[in-house]
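Me: I'm new to this one and would like to learn how to read it. Could you walk me through it, one feature at a time?

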Amino acid sequence: MDNDINHLIDIIYQRIEDAKSPALKPSMSIVDRDEILDLLDELRAQLPAEIRRAQELLNNRDKFVEETKREADRMLRQAELEAKTKISESEVMYAARERARKIVTKAEERSRQLYQVANSYAEDALARTEEAVQAALDEVKQSRIRFRAASSDKIQEQRRKMEQQKAKEDGDT
């Protein structure tokens with residue numbers, strides 16, 4: 001995705017650099033407005049993709065944690081039901097409660113582990129997204145600086161030509 005964004009920025013920069021200046025307005029350039037707007041729309045559409053993907057990961061993580069809790073509750077209810085249906089002897093009741101406690105403890109531990117893994121993954125994805133967005137922003141800033149410098153150079157060149165032309169005309173008269 002990062003290459004796609006950089007490629008679009010390069011195309012926009014090239015279109016602006018290649019733009020022609022009107023004869024009487026050297027400080028202006030003529031670009032194909034629809035083409036540049038289409039390229040900017042495409043760039044805008046690509047940037048949020050990583051952000052949406054990170055949000056989906058966070059949502060999936062939350063769903064997974066919720067499902068794990070529901071599963072633990074179901075397992076606990078199942079263990080309690082099994083314990084109630086057995087004969088009320090103290091050894092059987094103790095064994096059932098102990099088994100239910102172990103199941104819940106195991107489910108809670110698994111839930112904590114999965115939550116940590118999901119958090120770590122989501123944090124990593126968000127960091128990569130932040131880096132990609134920052135790199136794209138830096139590239140746009142650099143393109144703007146290069147465009148301003150190129151535009152300034154063109155203006156200076158036009159002024160020199162006009163001064164030389166005027167000096168030539170003054171010398172001819």
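Me: How do I read arginine 101: what is its relative accessibility, and what does that count as?
Reply: Keep in mind that this is a predicted model. The idea is that under 20% relative accessible area means buried, over 50% means exposed, and anything in between is partly exposed. Arginine 101 comes out at 45%, so it counts as partly exposed.

Me: And which residue does arginine 101 form a salt bridge with?
Reply: General idea to begin with: side chains of opposite charge can pair when their charged atoms come close. Here the partner of arginine 101 is glutamate 98, and their closest N and O atoms are 2.3 Å apart. Both of them sit in helix α3, three residues apart, which is about one turn of the helix.

Me: How many salt bridges does the count come to?
Reply: Eight salt bridges. One of them joins glutamate 35 and arginine 15, with 2.5 Å between the closest N and O atoms. Glutamate 35 belongs to helix α2 and arginine 15 to helix α1, so this pair ties together parts that are 20 residues apart in sequence.

Me: Are glutamate 35 and arginine 15 buried, exposed or something in between?
Reply: Use the cut-offs again. Glutamate 35 has a relative accessible area of 27%, so it is partly exposed. Arginine 15, at 33%, is partly exposed too.

Me: What about glutamate 139: which side chain does it meet in a salt bridge?
Reply: That would be arginine 146, with an N to O distance of 3.3 Å. For glutamate 139 the relative accessible area is 23%, which makes it partly exposed. Arginine 146 is partly exposed as well, at 35%.

Me: Let's turn to nonpolar residues. Which ones make up the largest nonpolar core?
Reply: The general idea is that in soluble globular proteins, nonpolar side chains tend to be buried together. In this model, the largest nonpolar core has eight residues: Ile5, Leu8, Ile9, Ile11, Ile12, Leu39, Leu43 and Ala136. The elements that give two or more residues to this core are α1 and α2. Helix α1 gives the most, with five residues.

Me: Can we zoom in on one member? Where is leucine 39 placed, and is it buried or exposed?
Reply: Leucine 39 is in helix α2. Its relative accessibility is 10%, so it counts as buried. Setting aside residues up to four places away in sequence, leucine 39 touches Leu8, Ile11, Ile12 and Arg15. As for isoleucine 11, it is 28 residues from leucine 39 along the chain, yet their C-alpha atoms are separated by 8.0 Å.

Me: And what does isoleucine 12 touch?
Reply: With residues up to four places away in sequence again not counted, isoleucine 12 touches Ile36, Leu39 and Leu40.

Me: How far apart in space are isoleucine 145 and glutamine 113?
Reply: Here you read two separations side by side, one along the sequence and one through space. The two residues are 32 apart in sequence and 48 Å apart in space, C-alpha to C-alpha. Isoleucine 145 lies in helix α3. With a relative accessible area of 48%, isoleucine 145 is partly exposed.

Me: Serine 111 next, please. Is it buried or exposed?
Reply: Serine 111 has a relative accessible area of 12%, so it is buried. It lies in helix α3. Leaving out its neighbours within four places in sequence, serine 111 is in contact with Val65 and Thr68.

Note on methods
Residues are numbered from 1 along each chain as its sequence is written. This is a predicted model: local features need pLDDT of at least 70, side-chain atom pairs count only at pLDDT 80 or more; totals for chains, interfaces and linings use all residues. Side-chain values use heavy atoms; hydrogens and water are left out. A salt bridge is a side-chain nitrogen of Lys or Arg within 4 Å of a carboxyl oxygen of Asp or Glu. Helices (H or I, at least four residues) and strands (E, at least two) are DSSP runs, numbered from the N terminus. Buried means under 20% relative accessible area, exposed over 50%, partly exposed in between (1.4 Å probe, protein chains only). A nonpolar core is a set of buried Ala, Val, Leu, Ile, Met, Phe, Trp, Tyr and Cys residues joined through side-chain atoms within 4.5 Å. Contact means heavy atoms within 4.5 Å.
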